[in-house]
Amino acid sequence: MCKTNCKPKIIIFDLDYTLWPFWVDTHVIPPFKKKGNDVVDSRGQIIQYYKEVPDVLKHLYEAGYELGVASRTSEIQGAKQLLNLFNWDKYLKYKEIYPGCKVTHFSKIQKASGIDYKDMVFFDDEDRNIVDVGKLGVTCIFVKNGVNHALVESLLKKF
């Protein structure tokens, strides 16, 4: 246990219902594109993210945290396209986006980073993922209504 200045080394986020309020593989239809200041799907529907997410990502990145995403979606290209169009790619060092157990996603992040699971934090909206990843020793935070500053700050204070 650390005595002072303990902080996670990597913070990982799920995508669907964690960074944005939809499932990218069922609720929206890629390809996505910019239309003015908006991002729209192939039907012209405006794609929204949770309001505080861009600021949370920017703040954590500027504070020196390594950030990443881990998503089980089958819409791999669409998810990556949204990360790019929302201009979040610049904050994300790790991107594990493909179907399967999140333990695989975290195993790849651990190998790529060399960072222990105990020094990672994971935000997700699904209990099964929290349980699976938690068994690795990762600190997991259940997300009810999207990632926001209050949720992240409470985690950082507790870590």
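On the other side of H5, which residues are exposed? They are Ala-150, Lys-157 and Lys-158, where exposed means over 50% relative accessible area and buried under 20%, with a 1.4 Å probe and protein chains only. Bear in mind that this is a predicted model, in which local features need pLDDT of at least 70 and side-chain atom pairs count only at pLDDT 80 or more, while totals for chains, interfaces and linings use all residues. Residues are numbered from 1 along each chain as its sequence is written, and side-chain values use heavy atoms, leaving out hydrogens and water.

Helices here are DSSP runs of H or I with at least four residues, and strands are runs of E with at least two, numbered from the N terminus. In H5 (residues 149-158), Leu-151, Val-152, Leu-155 and Leu-156 are buried. Seen down the helix axis, the buried residues fall within an arc of 130° (taken from the directions from the axis to the C-beta atoms), so they line one face of H5. An α-helix has 3.6 residues a turn, so residues three or four places apart point the same way. Strands S1 (10-13), S6 (120-124) and S7 (139-142) and helix H1 (53-62) are among what covers these buried residues, with contact meaning heavy atoms within 4.5 Å.

Now for the sheet. Its five strands form an open sheet in the order S5-S4-S1-S6-S7, with parallel pairing; two strands pair if DSSP finds at least two bridges between them. S5 (92-97) and S7 are the edge strands, each pairing on one side only. Five bridges join S4 (residues 66-71) to S5, and Val-69 stands opposite Lys-95 in S5.
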